[in-house]
Amino acid sequence: MARGKQRLKVSVQRAGDWPGLPRRSQVRTWARAAAAAATGRGGQITVRFVDSAEGSRLNRDYRARDYATNVLSFPYQQQPLLSGDLVLCAPVVAREATAQGKSLEAHYAHLIVHGVLHLQGHDHEAGEMEAREMEDHERRILAALGYPDPYRDEQ
């Protein structure tokens, strides 16, 4: 590790045991790749895998949307170090991967990269240009990790 460069610490929590959950080492690799590609900053994030009930509750309480979504990002600090939480709803992610014809691993990789970019301030809901920039960033990170373009069927 280069002098002065700090590593992103990634904690992984599992509120259940669902088929196809990524290994902790995979989660750390994907999160660190997204953080390094964008800023190179270190910090601390927690990635938590939850069921639909917890996912719905968090989405309702923090976004006023009464349903479970694939990933929620809770940024706490962006400078000088990155700090935040990602929450992935395992049943939603599995359902989406099947419906979209993607491997579960590739879909988890995409959503973790996507979430870490949100933690760093990227926002695809801020406008068409911002969405395009964020998607392009995701494509580059995922390609470097050996995953296909997650938006290939949506173009």
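**View 1. H4 passes H5 in a right-handed crossing.** This is a predicted model: local features need pLDDT of at least 70, side-chain atom pairs count only at pLDDT 80 or more, and totals for chains, interfaces and linings use all residues. Residues are numbered from 1 along each chain as its sequence is written, and side-chain values use heavy atoms, with hydrogens and water left out. A crossing is right-handed if the near helix is turned clockwise from the far one by less than a right angle, and left-handed if anticlockwise. Helices (H or I, at least four residues) and strands (E, at least two) are DSSP runs, numbered from the N terminus. The axes of H4 and H5 come within 10 Å and cross at roughly 130°. Axes are lines fitted to C-alpha atoms, for helices over the stretch in contact; angles run from 0 to 180 degrees between N-to-C directions. H4 and H5 are therefore oblique to each other. Angles under 35 degrees count as roughly parallel, over 145 as roughly antiparallel, 65 to 115 as roughly perpendicular, and the rest as oblique.

**View 2. Residues of H4 meet residues of H5.** From H4 come Ala 109, His 110, Val 113, His 114, Leu 117 and His 118. Their partners in H5 are Met 134, His 137, Glu 138, Ile 141 and Leu 142. Contact means heavy atoms within 4.5 Å. By class, this contact has six nonpolar, four polar and one charged residues. Ala, Val, Leu, Ile, Met, Phe, Trp, Tyr, Cys and Pro count as nonpolar, Asp, Glu, Lys and Arg as charged, and the others, Gly among them, as polar.

**View 3. H3 packs against H4 at about 120°.** Their axes are 9 Å apart. That makes H3 oblique to H4. The crossing is right-handed. Ala 90, Val 93, Ala 94, Glu 96, Ala 97 and Gln 100 of H3 meet Leu 104, His 107, Tyr 108 and Leu 111 of H4. Seven nonpolar, two polar and one charged residues make up this contact.

**View 4. The largest pocket is lined by 23 residues.** A pocket is an open set of points on a 1 Å grid over the protein atoms alone, where a 1.4 Å probe fits, with protein on both sides within 12 Å along at least five of seven lines; lining residues have an atom within 4 Å of a point. Nearest its centre lie Asn 70, Val 71, His 114, His 118 and His 124. H4 gives the most to the lining, with five residues. The lining has five nonpolar, nine polar and nine charged residues.

**View 5. A cis peptide bond joins Gln 79 and Pro 80.** Omega is about -10°. Pro 80 is found in the loop between E3 and strand E4 (82-89).
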